[in-house]
Amino acid sequence: MAIFPPEQRIWWNEPLHGKEVVWIAVAFLWGLVMFGTMVTWHFTGEQNLSNEAYRIDPDDFAARAEAMAEQYTVRTEGELDMPVVHPPPGSDVYMIGRLWEWWPVLELEKDQTYRLHLSSVDWQHGFSLQPQNINIQVHPGYDMVLTIKPDKAGEYSVVCNEFCGIGHHTMLGRIHVVEP
Ligand code: CUA
């Protein structure tokens, strides 16, 4: 009965059973393996964005994006006649997040490197590239720069994944990746 102490008063002071030792060793080694995997994956997983951040005036950012669009627009698309901009490989490309669009549409060449600049000119937005699942917070006043090299041709969608008001769910953008 529980109101009496166990017969053997020091009930917990038992030597470790061999099987217990084995399981503790297995758990410990597995922990080490997982820890090593985290560190290794950081270098070999190729899942880390090479992003940089700079301060920028929102008007400056908009001016750069507009200058790029003015120079390299190749056509328009969609109901809103969005400019589709095909900048030269290796160049700086810009995408503005604003209420409620990603502007402009970019057309990039496969296997070419670009410096993709993202910023907002009003509120906070979330750049989410689908189906790649690349996610970046986009704030006014900060130029987020990703060095990217698209390796698959196709159409990519940009959604806003940070709630930004009544038109949030319509805030969509597009990146085309084409064969050179
Ligand atoms: Cu922009 Cu949600």
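Methionine 38 is exposed, at a relative accessible area of 57% (buried is under 20% relative accessible area, exposed over 50% and partly exposed in between, with a 1.4 Å probe and protein chains only). The structure is a predicted model, in which local features need pLDDT of at least 70 and side-chain atom pairs count only at pLDDT 80 or more, whereas totals for chains, interfaces and linings use all residues. Residues are numbered from 1 along each chain as its sequence is written, and side-chain values use heavy atoms, with hydrogens and water left out.

Methionine 38 belongs to helix H1 (residues 18-44); helices (H or I, at least four residues) and strands (E, at least two) are DSSP runs numbered from the N terminus. Together with Phe35, Val39 and Phe43, Met38 forms a nonpolar surface patch with about 480 Å² of accessible area. Patches are made of residues with over 30% relative accessible area and no salt bridge, nonpolar side chains (Val, Leu, Ile, Met, Phe, Trp, Tyr) being joined within 5 Å and like charges within 9 Å. Accessible areas come from the Shrake-Rupley method with a 1.4 Å probe, and for residues only the protein chains shown count as cover.

Seven salt bridges are counted, each a side-chain nitrogen of Lys or Arg within 4 Å of a carboxyl oxygen of Asp or Glu. One of them joins arginine 115 and aspartate 92 (3.9 Å, N to O). This pair links distant parts of the chain, with arginine 115 in strand E7 (residues 114-120) and aspartate 92 in strand E4 (residues 92-98), 23 residues apart. Arginine 115 is partly exposed at 25% relative accessible area, as is aspartate 92 at 35%.

Glutamate 155 lies in strand E11 (residues 154-160) and arginine 174 in strand E12, so the pair ties together parts 19 residues apart in sequence. Relative accessible area is 49% for glutamate 155, which is partly exposed, and 29% for arginine 174, also partly exposed. Glutamate 101 and arginine 98 form another salt bridge, with their closest N and O atoms 2.8 Å apart.

The structure holds zero disulfides (pairs of cysteine sulfur atoms within 2.5 Å). Cysteine 160 is buried at 8% relative accessibility, and cysteine 164 is buried at 3%.
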